[in-house]
Amino acid sequence: MTADDPVRVLVVDDEALVRSGFRVLVDAEPDMAVVGEAADGAGAVELARRTRPDVVLMDIRMPDVDGLTATRRIAADPDLAAVHVLVLTTFDHDEYVVDALGAGAAGFLVKNTEPRQLLHGIRVVAGGEALLSPGPTRRLVARLVERPGGAPPVDGRALSELTAREREIVALVAHGLSNAEIAGALTISHATVKTHVGRAMVKLDAHDRAQLVVIAYRSHLVSPPAR
């Protein structure tokens, strides 16, 4: 995707009316386009492979193949590495959100969010950043890292390869800051932040920014909030 290309969006929901609403909202934006719709997870994976969207708006609760399974399949497919899944859920503390982040989702939104926030979320995720608000994210990740097998394993040798600046930036990512906010906090350029984040992801074998957050908590680069 170049700066002039529209953000390609795949809409996945088992309710036709919901899909139609999202399509109308997204297609009304000059920098976005819906490239397909799917009513279940199996269709989502198939269409993702066929259309290569930038963002998948993924419902969780669907018949047959659910959104979590579809997210795992997309995240595990190396040919879909550039596809980012944005999970839509009914509740911001839904247990499924924890599983979605562990499965490789780039973030989540509640379904009753304001349209402008949804559009903003699509743009954020399409740009390679995680849509993770600091409060809910810290609670959710705390639950995720406590689960056996609930987060990617942390390689101590990989952690030791991080530079001091990379460790600092990863910690800020884990606190929910965007690249622009990190650049402002550290008085460095946005491009420099993006470079450090990218290098840290490679060193830690993080599929996306959300996994980088999970690794940061599990490796104690940052501490989950007290219960």
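Predicted model: local features only at pLDDT ≥ 70, side-chain atom pairs only at ≥ 80, totals over all residues.
# Chatting through the fold

Q: What do the strands do, and in which order do they sit?
A: The 5 strands make an open sheet, ordered E2-E1-E3-E4-E5, with parallel pairing. Strand E2 (32–38) and strand E5 (107–110) are at the edges, and each has a single partner strand, so one side of each has no neighbour in the sheet. From one strand to the next, the twist averages 25 degrees.

Q: Let's zoom in on E1 and E3. How many bridges join them?
A: Strand E1 (residues 7–12) is joined to E3 by 4 bridges, and the two run parallel. Take Val9: its bridge partner in E3 is Val55.

Q: Which strands does helix H2 lie across?
A: Helix H2 (residues 41–51) lies across E1, E2 and E3, and runs at about 140 degrees to E2. Helix H3 packs on the sheet as well, touching E3 and strand E4 (84–89). The direction of H3 makes about 155 degrees with that of E3.

Q: I clicked on Thr71. Where is that?
A: Thr71 is in helix H3.

Q: Buried or exposed?
A: Thr71 is buried, with a relative accessible area of 0%.

Q: So what does Thr71 touch?
A: Leaving out residues up to four places away in sequence, Thr71 touches Met58, Val85, Ala100, Ala103, Gly104 and Ala105.

Q: New topic: the largest nonpolar core. Which residues touch the most other members?
A: That core has 25 residues, and the ones touching the most other members are Ile169, Val173, Ile182, Val197, Leu204 and Leu212. The elements giving two or more residues are helix H7 (156–160), helix H8 (164–174), helix H9 (179–186), helix H10 (190–204) and helix H11 (209–218).

Q: Which one gives the most?
A: H8 does, with 6 residues.

Q: What does Ile169 touch?
A: Not counting residues up to four places away in sequence, Ile169 touches Ile182, Leu186, Ile188, Val193, His196 and Val197.

Q: And what lies apart from that core?
A: Another core, of 21 residues, lies apart from it; Ala44, Ile60, Val83 and Ala100 are among them.

Q: Why would residues like that gather?
A: In soluble globular proteins, nonpolar side chains tend to be buried together.

Q: How much of this protein is buried, then?
A: Buried residues make up 50% of the 227 residues.

Q: Last topic: backbone angles. What's the phi of Asp64?
A: Asp64 has a positive phi of about 60 degrees, although it is not a glycine. Asp64 sits in the loop between strand E3 (55–59) and helix H3 (67–76).

Q: Is Asp64 buried or exposed?
A: Asp64 is exposed, because its relative accessible area is 74% and the cut-off for exposed is over 50%.

Q: What about Asp205, what phi does that one have?
A: Asp205 has a positive phi of about 55 degrees and is not a glycine. The loop between H10 and H11 holds Asp205.

Q: Buried or exposed, this one?
A: Asp205 counts as exposed, at 67% relative accessibility.

Methods
Residues numbered from 1 in each chain as written. Heavy atoms only, no water. Core = buried A, V, L, I, M, F, W, Y, C linked by side-chain atoms within 4.5 Å. Buried < 20%, exposed > 50% of the residue type's maximum accessible area, 1.4 Å probe, protein only. Contact = heavy atoms within 4.5 Å. Pairing = 2+ DSSP bridges. Axes fitted to C-alpha atoms, helices over the stretch in contact; angles between N-to-C directions.
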